[in-house]
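Colleague: Hi! I'm new to this one, could you walk me through it?

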Amino acid sequence: TPEQDAQIQKWFGLLAGRVREYFDSGRKYPGSDAWNNHMYWAGLSVAAEGIANGDADAFLWGLATYEMGVHAIQPDGSLIAEMGRGRMALHYQLYALGPLVMLAELGEANGIDLYAERDGAIHRLVSFNLAAMKDPSLIAKRTGETQVITLPYSGLQIGWAVPYVQRFPNANLIRFIAQAPWVRFWQWGGTPPDAAYPLSGKKDGAKDGAPAYNVDLKRRMEALLAAEFPPGLAQSYFLGNWCAEGRTDLHGTIADSGDFLALNNGQGSTSTGEQRSPFLLVAPAWDSVSGALTPDRSQIDWSNGTYWVRCSSTVQQQAINLNGKWIAQVGSCSIRQHGDQLQLGDTKDCEASGRVDEKGHVTLDFSGIPIEGFVTADGNHINWQDGSYWTRAQIYGLEKK
């Protein structure tokens with residue numbers, strides 16, 4: 001019934017929100033499941049929810065996980081996280097490709113050519129996987145372990161190939177499909193239905209019969225992707241001046257030294273920086289501590305619990321507005337602000353009250369336990385006196401317009 005449909009769609013939205021919250025938090029921890037195929041599967045589910053509920057922000061969040069996936073594809077077509085799975089590497093190479101192809105299909109259905117991203121990186125992944133399917137020893141030589149496979153390949157391994165060969169015919173893939181006992185896979189959820197767009201009238205640039213929503217969404221996606229993944233070296237995201245713990249007297253730098261980054265903490269200690277992804281580096285000389293760059297590129301969260309904030313003389317302190325959801329290192333918490341007064345809620349662990357002054361100094365009372373912190377100049381982080389930090393939730397998704 002319509003009433004049941006409304007309840008189901010509401011539940012989908014709530015569930016998608018929890019999925020986004022979980023993975024937004026996980027992105028701050030290198031090695032978590034936010035850095036492997038789990039993120040792409042989460043993206044597929046959230047993008048599907050966005051289509052079902054007409055929620056463009058959820059749809060964009062899902063497509064952003066595709067960008068994470070294609071940035072993880074190496075020049076030879078392999079995925080670092082999945083190649084680290086030992087004897088299950090081939091399985092997870094194929095498993096990770098599934099949601100990426102399906103996300104690309106959802107993009108195509110909405111006029112967004114994700115197959116072309118990163119010079120068609122997904123095609124390298126397809127070619128690598130196809131070669132390994134034909135000869136699993138190629139991966140066995142890389143991992144040092146014989147691969148666990150079940151022949152003939154079926155839906156779990158090659159369900160993604162069915163829509164893929166419709167766009168990019170490939171005789172070898174077509175043969176694998178023909179040999180498969182089935183190509184269905186329960187996680188696909190069947191063939192994605194056409195997105196239902198609210199017809200708000202034709203706008204400039206919209207083709208005859210094309211919903212304005214569709215055209216606007218394409219423009220938003222292109223602009224957001226261009227801002228999130230600008231042309232040039234990925235390592236340039238880290239370059240610049242950094243203030244350790246947000247302190248201007250602890251002034252570090254990250255510079256380009258050719259094959260590596262040159263890190264200097266401003267206190268006489270230096271290290272090379274090895275780029276592991278556009279948003280992740282490792283400093284071997286500093287006990288191999290890893291630094292995860294927040295998506296807005298304003299802070300580096302180090303795996304030893306410290307952080308660097310981007311130093312900029314041009315950043316001006318804006319009016320303090322802490323309303324909304326914040327990602328903590330052990331969960332999340334919502335803040336409601338009225339003037340300078342703060343009220344925290346959501347869960348028992350984050351119930352507190354306090355205030356924030358015009359300089360961004362935050363004082364909270366957690367059941368008699370006082371905690372102090374400071375809001376960074378960009379307004380997106382609260383750095384606490386105990387060395388922990390909170391990050392505004394929406395910077396881990398694509399910016400809302």
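**Helix packing and a disulfide**

Modeller: Let's start with helix 3 (residues 56–71) and helix 5 (residues 89–109), whose axes come within 10 Å and cross at roughly 130°. Axes here are lines fitted to C-alpha atoms, for helices over the stretch in contact, and angles run from 0 to 180 degrees between N-to-C directions. Helices (H or I, at least four residues) and strands (E, at least two) are DSSP runs, numbered from the N terminus. This is a predicted model, in which local features need pLDDT of at least 70, side-chain atom pairs count only at pLDDT 80 or more, and totals for chains, interfaces and linings use all residues. Residues are numbered from 1 along each chain as its sequence is written, and side-chain values use heavy atoms, with hydrogens and water left out.

Colleague: Thanks! So are helix 3 and helix 5 oblique or parallel to each other?
Modeller: Helix 3 and helix 5 are oblique to each other. Angles under 35 degrees count as roughly parallel, over 145 as roughly antiparallel, 65 to 115 as roughly perpendicular and the rest as oblique.

Colleague: Which residues of helix 3 and helix 5 meet?
Modeller: From helix 3 there are Phe59, Gly62, Leu63, Thr65, Tyr66 and Gly69, and they meet Leu100, Leu103, Ala104, Leu106 and Gly107 of helix 5. Contact means heavy atoms within 4.5 Å. By class, this contact of helix 3 with helix 5 has seven nonpolar, four polar and no charged residues. For those classes, Ala, Val, Leu, Ile, Met, Phe, Trp, Tyr, Cys and Pro count as nonpolar, Asp, Glu, Lys and Arg as charged, and the others, Gly among them, as polar.

Colleague: And how do helix 1 and helix 3 pack, at what angle?
Modeller: Helix 1 and helix 3 pack at an angle of about 40°, and their axes are 12 Å apart. That makes helix 1 oblique to helix 3. In this pair, Arg20, Phe23 and Asp24 of helix 1 meet Asp57, Ala58 and Trp61 of helix 3. The contact of helix 1 with helix 3 has three nonpolar, no polar and three charged residues by class.

Colleague: Since we're on helix 1, where does Phe12 lie?
Modeller: Phe12 lies in helix 1, which covers residues 2–26. With 37% relative accessibility, Phe12 counts as partly exposed. Buried means under 20% relative accessible area, exposed over 50%, and partly exposed in between (1.4 Å probe, protein chains only).

Colleague: What is Phe12 in contact with?
Modeller: Leaving aside its neighbours within four places in sequence, Phe12 is in contact with Glu49 and Asn53. The C-alpha atoms of Phe12 and Ser45 are separated by 9.8 Å, and these two are 33 residues apart along the chain.

Colleague: New topic: how many disulfides does the structure hold?
Modeller: The structure holds one disulfide, a disulfide being a pair of cysteine sulfur atoms within 2.5 Å. Cys243 and Cys311 form it, with their sulfur atoms 1.7 Å apart. The torsion about their S-S bond is about 135°, so the disulfide is right-handed. Cys243 lies in strand 1 (residues 240–244) and Cys311 in the loop between strand 8 (307–310) and strand 9 (324–328), so the pair ties together parts that are 68 residues apart in sequence.

Colleague: Are Cys243 and Cys311 buried or exposed?
Modeller: Both Cys243 and Cys311 are buried.

Colleague: What about the backbone? Which residues does a cis peptide bond join?
Modeller: Leu151 and Pro152, with omega about -5°. Pro152 has its place in the loop between helix 7 (137–143) and helix 8 (155–158).

Colleague: And what is phi of Arg118?
Modeller: Phi of Arg118 is near 55°, a positive value in a residue other than glycine. Arg118 is found in helix 6 (residues 117–134) and, at 39% relative accessibility, counts as partly exposed. Ser288 also has a phi near 55°, and Ser288 sits in the loop between strand 5 (280–283) and strand 6 (289–293).

Colleague: Last one: how many helices and strands does the protein chain come to?
Modeller: The secondary structure of the protein chain comes to eleven helices and 16 strands. Of its 401 residues, 48% count as buried.
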